[in-house]
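Biologist: I am new to reading protein models. Could we go through one together, feature by feature?

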Amino acid sequence: MELSTIAGQSIPTFPLCSTDEKAIPLLGFGTTEYPFGASIHTLKETILEAIKLGYRHFDTAAIYLSEQPLGEAISDALRLGLIKSRDELFITSKLWCSDAHHDFVLPALKKTLQNLKLEYLNLFLIHWPLSLKPGKYEFPFQKEDIVPFDPKSVWEAMEECQGLGLTKSIGVSNFSCKKLETILSTAKIPPAVNQVEMNPLWQQKKLRKFCEEKGILVEAYSPLGAKGTAWGTNRVMECEVLKEIAHAKGKSLAQVCLRWAHEQGVCALVKSFNKERMKQNLDIFYWKLTADESHKISQLPQCKGFPGAAFLSDDGPYKSVEELWDGEI
């Protein structure tokens, strides 16, 4: 992986394969908090602080209720001179399941752009391989709202969005190898990114190998285990092996997890609303894990933090976690 750095910044970038758009910064700032919208009144100031510290890649989604505060922060950053141009930023958002229907994709993206006060996204993702009845933005959602998902037609609509210039790149989130194969079998534009849960206790080795072979960049959400969320666990932050490595290196456990992810060649999405930790999380690029430390992490027992039980239904497309993840569980 050839890396370059953003002018004046210390975050390495990587060119996405399916587009000639600017390279993606390999550390992104997440804007979700559960319950969604819980920090909506302080989020704008948090994002402004992140921009001051050097973050340039921001991840949001329609369901997070964070698009509007992110848009306000971008407007303020431009007005305050923290950035000279919107083009300095890499902005990702995601299509919620109730809009995962061919004719709803473009209107959903236009609504996202309106919320963000932007003319284009850098990356637009299908949030989950699932469709819900249109009209609601809820999580958890009612099981009876689950309807058949047509990946071919939804992806065609995503391609249309890129063709219109409303997003520079398109991709998916929470897709297994098998579900990626389905998209790739008919895609004119292959997914540039697959954003999935990944951390030292859920390393996604099979999926990462598949994505690398197909030229798809893996983005890691919950790289620290998402402690404190409805879908996260404390297992990563309480892992003794990771604690020992952090202590030996004089680094935080979060820094060890993020450095590990970086060394796997993925983009990590990290979320902290604490200024000192936000600063610490940027300090992962000028030191390395030893071969022994990397080996110890590679041997950690694996356990998925978010199996996705909310997406299962006896009457829906996925009746078990095995079907949702196609055995990658």
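**Reading the model step by step**

Modeller: Gladly! This is a predicted model, and pLDDT stays under 50 over residues 1-9. For that stretch the model has 21 contacts beyond four places in sequence.

Biologist: Which residues in α7 and α8 meet?

Modeller: From α7 come Leu242, Lys243, Ile245 and Ala246; from α8 come Leu253, Val256 and Cys257. Sorted by class, the contact of α7 with α8 has six nonpolar residues, one charged and no polar ones.

Biologist: Now α9, please. Which residues in helix α9 are buried?

Modeller: A general point comes in handy: an α-helix has 3.6 residues a turn, so residues three or four places apart point the same way. In α9 (residues 275-282), the buried residues are Met278, Asn281 and Leu282. They cover an arc of only 105 degrees around the axis, which puts them on the same side of α9. What do these buried residues pack against? Their partners are β4 (27-30), α1 (40-53), α8 and β13 (267-270).

Biologist: And what about the backbone?

Modeller: In general, most residues other than glycine have a negative phi, and most peptide bonds are trans. Let us look at some cases that go the other way. Phe139 and Pro140 are joined by a cis peptide bond, with omega about 0 degrees. Pro140 sits in the loop between β8 (131-132) and β9 (146-147).

Biologist: Where is Lys117, and is it buried or exposed?

Modeller: Lys117 is in the loop between α3 (102-116) and β7 (123-126). Although Lys117 is not a glycine, its phi is positive, about 60 degrees. Exposed means over 50% relative accessible area, so Lys117, at 54% relative accessibility, counts as exposed.

Biologist: And Gln204: buried or exposed?

Modeller: Gln204 also is a residue other than glycine with a positive phi, near 55 degrees. Its loop runs between β11 (193-197) and α6 (205-214). The cut-off for buried is under 20%, so Gln204, at 13% relative accessibility, counts as buried.

Terms used
Residues numbered from 1 in each chain as written. Predicted model: local features only at pLDDT ≥ 70, side-chain atom pairs only at ≥ 80, totals over all residues. Heavy atoms only, no water. Contact = heavy atoms within 4.5 Å. Helix = DSSP H or I, 4+ residues; strand = E, 2+ residues; numbered from the N terminus. Nonpolar A, V, L, I, M, F, W, Y, C, P; charged D, E, K, R; others polar. pLDDT = per-residue confidence, 0-100. Buried < 20%, exposed > 50% of the residue type's maximum accessible area, 1.4 Å probe, protein only. Arc of directions from axis to C-beta.
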